[in-house]
Amino acid sequence: MFSYLQSQRRVNLQLLQESSCQQLELLLDKLEGTKAIILDDVLLGPLGLVAPPSLFSERGIKLLKLEKETRMPKDYVNIIYLVRPLVSIMDDIAGQVLKNSDKNRVFHLFFVPRRSCLCEKHLEQKGVYGSFGMVEELSWNFYPIENDVISMENPMAFKDVAIDGDPTALYQAAVGLVQLQRIYGRIPKIYGKGTMAQGVWERAKKLGAEEKLLSTGERGTIDQIILLDRQIDLLSAFATQLTYEGLIDEFYGVKQNKLTLPAELFAKSNERDGSPAHMTSEKKVILLNSGETLYPELRNKNFNEIGKILSRSAKDISAAMNASSQENSVQEMKRLVDKLPALLAQKQSVANHTTIAENIRKQLDAFEFTDDLAAEQEFMMCEDIDKPSGYIEDLMAKKADLKKVLRLICIQCAAASGFKEKVLTYYKRELVHVYGIEVLLKISNLEKAGVLYTQSESRAYAVLRKTLNLTVDEVIEVNPKDISYVHSFYAPLIARIVEQSLKPLGWQSLKSQINNLPGPTFEDFQAQLIGIGGRHSSTPSEGSSLNIPRVVLVFFVGGCTFAEIAALRFLAQDEDNNVEFVIATTKIINKNSFLESLLQ
């Protein structure tokens, strides 16, 4: 159904997509008559990750975006609201139901990912709850982004828990883990670090025990899970990514595998190569997933390797086209016709990525970018982290963008494992002086989130930088030998922890090293009851002797970056590790989106 989810991997994420799609199909097929779905704006993208357009076109279902004044379609018997459980959305729905009540029209309400008693009570108070025929939930807790990545698509998860004290996201993550085990079987080994990570596992264990899933279920295809809290590695969340996919996300934003760019960026390249442009008059949408011709090869590379790959691909296509044009026999011409669509797709892909890369290069070469990058890399090396940064002071003197200033302050704080009291006080005073008293609200949020804080005796980052080799002396960006290439010379801490855990006695030897990071270190084991047979009866050692790769689910609770995903994929390519990763996250983030979520 979704070609980019198909692979030879042990864990087939297409099963998750099909399970989610079937939930929706079953509910829709219960309703007789014409149907229109009014969608919560935020669910427009995620819906496309689980349900193909054919699901709606074959049933004659009309899709509309939920707005305060959504025009109700005529001649549709069933009006279905597909929404998140938010009281503010219920107000909009109640207003529309009151305005458009009709004897021949029935309203229905599908919550994603769970029903909400509070929302239903609110509709009762508005006097419209009785107008709904079906009130159901679609338990879409994880969306398959790629054949190795699943996401809750909840950008506010970290803020909700860390700042607002709302543990709903942890509960939803726990429900998602139980759901994964229903599909893929019981996960026997659990390791984790961090308060949020432990909160997820404790809830998942309780939910599994209630339905006897975790003790009686078959051992499945996932051998272990590592739950890691974003709180233990904030520096990587704020750092500039230097992989191709990471930079695309930071400069333009990738939403549910789609990149939307101004159409004029591609006008010249399309005129030059005569290829068709799939774009509106203003925007061009490009799908970025493993189903795209060139993207799987480009996405995880350091940007400095991209030009070389694009040049080679362009030469290969040109050579293939020239060779084909010289073929004269009927059979040769038939082969050319068969190959032509693939060649044209490759040509279009090279043209698209060349345009994207050219525009990224312009931004990378700007003095503003290079100066910011140099400053954050100095912090990563623990240079001058115990005093106010001259570069940050200069930015404030120029009244530079507040978010840029705050991000660099956050990186310095993470590298210093907390500021000295006088340094933090100085930064606060200067920020208020330059940006006004209202900046204190933003600073307060960052302090509640544990992003800005004062120093304790522990200097966790400085110690781990050496013991886990987080920064390397030799920078190898092309054909790299180490995961540090994703930030040029810095290895993301969480990815390094996962790498160390793959070694014999890895987690046991890690525990003492990561003890000074925030939150508890925990491990658990879901034993199989005696007499209960499992699909995989071999022990891990037996599995490895058969050269079957072990499957590790790495769950970033609070968000992960494309650079961290690239680092884990790099580790999986190492045959010595003999591992396949399934990467789960509350949301794929970048330095900009993560900071913005904390400041809201």
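Which side chains meet in a salt bridge at 3.0 Å, N to O? They are those of arginine 59 and aspartate 29. This is a predicted model. The domain assignment divides the protein into four parts, listed below.

**Domains**
- Domain 1 covers 3–139.
- Domain 2 comes in three pieces: 144–236, 482–530 and 547–599.

- Strand 3 (residues 78–83) and strand 4 (residues 106–111) pair in the parallel sense through six bridges.
- In this pairing, tyrosine 81 stands opposite leucine 109 of strand 4.

- Seven strands form another open sheet, in the order 6-7-15-14-9-8-13.
- The pairing in this sheet is mixed.
- Its edges are strand 6 (143–146) and strand 13 (521–525), each pairing on one side only.
- Neighbouring strands of this sheet are turned by 20° on average, direction ignored.
- Strand 9 (residues 224–229) runs parallel to its partner, strand 14 (residues 550–557), and six bridges link them.
- Leucine 228 faces phenylalanine 556 in strand 14.
- Helix 25 (residues 562–573) packs on the sheet.
- Helix 25 touches strand 6, strand 7 (149–151), strand 14 and strand 15 (579–585).
- The direction of helix 25 makes about 165° with that of strand 15.

**Where domain 1 meets domain 3**
- The C-alpha centres of domain 1 and domain 3 are 36 Å apart.
- How many residues does each domain bring to the contact? Domain 1 gives four residues and domain 3 gives five residues.
- The size of an interface is often given as the accessible area lost when the parts come together.
- For domain 1 and domain 3, the buried area is about 380 Å².
- Carbon and sulfur atoms give 62% of that area.
- Tyr4, Gly45 and Leu49 supply 85% of what domain 1 buries against domain 3, more than any other three residues.
- Zero salt bridges are found across this interface.
- One residue pair is in polar contact across the interface, with both residues at pLDDT 80 or more.

**Salt bridges**
- Side chains of opposite charge can pair when their charged atoms come close.
- The structure holds 31 salt bridges, including the pair of arginine 59 and aspartate 29.
- Arginine 59 sits in the loop between helix 3 (53–57) and strand 2.
- Aspartate 29 belongs to helix 1 (residues 14–29), so the pair ties together parts that are 30 residues apart in sequence.

- Most residues other than glycine have a negative phi, and most peptide bonds are trans.
- Which form does the peptide bond from valine 112 to proline 113 take, cis or trans? It is cis, with omega near 5°.
- Proline 113 lies in the loop between strand 4 and helix 5 (117–125).
- Serine 488 is not glycine, yet its phi is positive, near 80°.
- Serine 488 lies in the loop between helix 21 (460–467) and helix 22 (493–501).

Definitions and conventions: Residues are numbered from 1 along each chain as its sequence is written. This is a predicted model: local features need pLDDT of at least 70, side-chain atom pairs count only at pLDDT 80 or more; totals for chains, interfaces and linings use all residues. Side-chain values use heavy atoms; hydrogens and water are left out. Two strands pair if DSSP finds at least two bridges between them. Helices (H or I, at least four residues) and strands (E, at least two) are DSSP runs, numbered from the N terminus. Domain bounds come from an automatic or database domain assignment. Contact means heavy atoms within 4.5 Å. Buried area is the accessible area (1.4 Å probe) that two parts lose on being put together, summed over both. A salt bridge is a side-chain nitrogen of Lys or Arg within 4 Å of a carboxyl oxygen of Asp or Glu. A polar contact is a pair of N or O atoms within 3.5 Å; within protein, one must be able to donate a hydrogen and the other to accept it, and residues adjacent in sequence count only if both atoms are side-chain atoms. Axes are lines fitted to C-alpha atoms, for helices over the stretch in contact, and angles run from 0 to 180 degrees between N-to-C directions.
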